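Good morning, and thank you for coming. I would like to take you through one structure this morning, step by step.

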Amino acid sequence: MDLEIDARYDAFRQEVRDFLAEHRPKGPIGLGQEEDEHRVHWLSLLIEHGYWGRTIPKEYGGYGAEPDLLETVIMDEEFNKAGVPRGMAVQGPTMLVPTLLTHGTEEQRKRWIGPTMRGEIMWCQGYSEPGSGSDLASLQTSATEDGDDFVINGQKIWTSSADHAQMCFILVRTEPEARKHEGISYLLLPMDTPGIEVQPLRTMSGDIGENSFNQVFFSDVRVPKANVVGKRGEGWKIANTTLKHERATLNANAEGTWMRLARLMQSETVGGVSLMESPVYRDRLMRLQARALSMKHHGMRMLTCSLKNESPGVAGLVVKLQNCQLSFDMAALAIDVMGELGALYDHSRYERERGYWQAYSMFSLGLIIGGGTAQIQKNIIAERGLGLPREPKPARA
Amino acid sequence: MDFGLSEDQLLLEQTLRGFLAEQVPIERVRELREKDCPNDRAIWNALAELGVTGVLVPEARGGAGLRLLDAALVSQSLGHAVTPSPFLASSVMAPVGLASLGGAECDGWLEGIAAGTQVFGVALNELHSVREGAGVSLDGGRLRGKSLMALDAYGADLVLVAVGTDTLAVVRHDAPGVETCRLTTVDATRCTAELVFEGAEAEAVFEGAGGVATRMLEAGRIVLAADTLGACEAMIEQAVAYAKERKQFDRLIGSFQAVKHMCAEMIAELEPARSLLWYAAHAFDAMPDEAPLLSCHALAHLSEIGREIASVSTQVHGGIGWTDEQNLHFWFKRIANARHLLGGPEALRARAAELQGFAKAS
């Protein structure tokens, strides 16, 4: 156990602070089309200084530094403290770019990575289908060969940002006769191709939050065969390398949320008495603090494993499940603390913190389900982590 | 930065687990539960030879001079094997107290602890919970009153006793005016007692020792939490092993999602709690300002998830888990008893809130 960060990182931390003091943007960095110029300028500046796309090679539009997890931790800490986004946590940079770095051709990397990191090209992810959620590999959207093209027909759902993305990375079935995991290919598809229809999918949290979900319909959509990433029929394997990445990034800042909850309990009153005075609510708050501290220190343990290049084993598999449930439970206490005013929403009179906690509650519920449901997580923990047997396949009728 | 165990710590854990598996298997624990006092001196002497009894005793006094995280790992192994021993009182709480109090007498006792020749109990229960009118006072230099649930005091040679809230005294178990009655709990592997003092003479009295007593409680809470962690680990291992061999409806029961999700939930609670415990134990030495809060949270949290894991693991076993023969109950009861020994979860959380200024000190 040694929780000191080596002194050689002090200079790096100072560098980050100086950068933020000088360049810190005044307004929020939006993801919509109307904010294109502002966003591209900010992300380009970050890449130039090495705070975004830090380890991506220069020839693909990155900064070209060696990977160093502690530098990442320091950058995240300092940007968080300054309340400034370090880049853009959307699916292009977080999911597609690592995929292209591992599986893309030289031409694909040169063409897509730079503009994606700079926010010039926004991506959406075409994975889930109405009939293929947890059982993603059963997906049915087809791509049939026609000359130099594939022709796509089918439907995708839960497609974040499809309404304003220029490109889509999509999983389609190219080999219908192959076994379910072996007939899938990973394609890159411009969203302005004829035959694509995007319909917004309003979620339970309404208009609050940056995540817009959509359904996307494909009717005879043509995409050149050259747009396959990796080998044809290997899309499942390719997608899986980045799905793991998605689960790892669904990480809540549990301690920060807990502190916000504690402040709410101090300021909220009923009958003129602070809710923090109530032993009942206080006990719940303390229970959550123990869980939040557990997840914080668990994160440090996971980070150490990454630094040492060791697998954390089952301890790593539980992170998503526990963090998402903790977020939901913290929101639940916050709402209870506000009592009958806790349900106020949508700019109502007396609404607290602009409806933050109701939105956070619903958003957390979405995270419990999204990126692999809690039940799928438990299967993974039990089967891969504890070595319990898989459920036998039902006999075919 | 390195948030994890060192090579030495892994080796300590491995050595101790190997020793316990060989020397104190569950059959031996079953024998010990029939004894008047389950804390067997032969086992204790063997642990002394391994350097375990003096894990926290300074090297100058013949101990290993290690840190609380090392003691927590020992405790975790003892909990994992449900080994009856006075480790919590004699090797953790007493040495933390005696080393701070200092002086020739304390040095001598520390040497005895490390050698395993002197076993200490502690009677601090009334610092956090007064029931049955218990409490010990000094009257003309002599101890009067009683203390409940004194840890490892039955079968000990000496006892460190809280007198009021600010004084500590060391008493011989066989001094005139000292009566030690074992208080039988559900857990046959941990020895708790009632100490009654009727004008007993103390070997030593330390006034102004409230701060020392607080540190003893902090250390005790973290190390007791580690015992529960180890017991939970063992219960999960047994549940998983059983789910891999037991068949019903022509299937291994571990292939049913209902059962595998129970197993997943147990380990999902346990692993982050392990991280919390490591941090709390590390903080005790490296960041003592954080230890009061973290010791409360570590024990309260482990006690909460411990109760759940103890129940769920038993349920995975079905009816056989409920039998004496299956042995699972040894762990269940160890966890159940530990839950309230150094402050139950509610009291610990109330204290955690006070420490952060969220509530007035009671």
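Predicted model: local features only at pLDDT ≥ 70, side-chain atom pairs only at ≥ 80, totals over all residues.

Let us start with the overall form of chain B. Chain B contains 11 helices and 10 strands. Its C-alpha trace extends over about 75 × 45 × 45 Å along the principal axes. How does the radius of gyration of chain B agree with that of a compact globule? For 362 residues, a compact globule would have a radius of gyration near 21 Å, and the 20 Å of chain B agrees with this.

Next, the domains. In the domain assignment, chain B is made up of domain 1 (7-118), domain 2 (121-208) and domain 3 (211-355). Between the C-alpha centres of domain 1 of chain B and domain 3 of chain B there are 21 Å. These two domains touch, with 21 residues from domain 1 of chain B and 26 residues from domain 3 of chain B taking part in the contact. Which helices of domain 1 of chain B each supply at least two residues of the side that touches domain 3 of chain B? They are helix H2 (26-32), helix H4 (68-80) and helix H5 (87-101) of chain B. H4(B) gives the most to that side of domain 1 of chain B, namely 10 residues. Sorted by class, the side of domain 1 of chain B that touches domain 3 of chain B has 13 nonpolar, 7 polar and 1 charged residues.

The crossing of H5(B) past H7(B) is right-handed. On the H5(B) side, the contact includes Leu88(B), Val92(B), Met93(B) and Val96(B). On the H7(B) side, the residues include Val212(B), Arg215(B), Met216(B) and Ala219(B). The residues of this contact of H5(B) with H7(B) comprise 10 nonpolar, 3 polar and 1 charged.

The second pair is H8(B) with H9(B), whose axes come within 9 Å and cross at roughly 160°. H8(B) and H9(B) are therefore roughly antiparallel to each other. Here H8(B) passes H9(B) in a left-handed crossing. The contact of H8(B) with H9(B) divides into 20 nonpolar, 5 polar and 2 charged residues.

Let us turn to the interface. In total, 37 residues of chain B are in contact with 38 residues of chain A. Which elements of chain B give two or more residues to the side that touches chain A? They are helix H7 (210-245), strand E10 (251-252), helix H8 (257-286), helix H9 (291-317) and helix H11 (345-355) of chain B. The largest share of this side of chain B comes from H8(B), with 16 residues. By class, the side of chain B that touches chain A holds 20 nonpolar, 9 polar and 8 charged residues.

Finally, a word on the partner. Chain A is assigned domain 1 (7-88), domain 2 (123-234) and domain 3 (250-385). The C-alpha centres of domain 1 of chain A and domain 2 of chain A are separated by 31 Å.

Thank you for your attention.

Key
Residues numbered from 1 in each chain as written. Chains lettered and ligands numbered in written order. Contact = placed C-beta atoms within 7 Å. Helix = DSSP H or I, 4+ residues; strand = E, 2+ residues; numbered from the N terminus. Nonpolar A, V, L, I, M, F, W, Y, C, P; charged D, E, K, R; others polar. Domains from an automatic or database assignment. Left-handed = near helix turned anticlockwise from the far one by under 90°. Axes fitted to C-alpha atoms, helices over the stretch in contact; angles between N-to-C directions. Parallel < 35°, antiparallel > 145°, perpendicular 65-115°, else oblique. Rg over C-alpha atoms; globule rule 2.2 N^0.38 Å.
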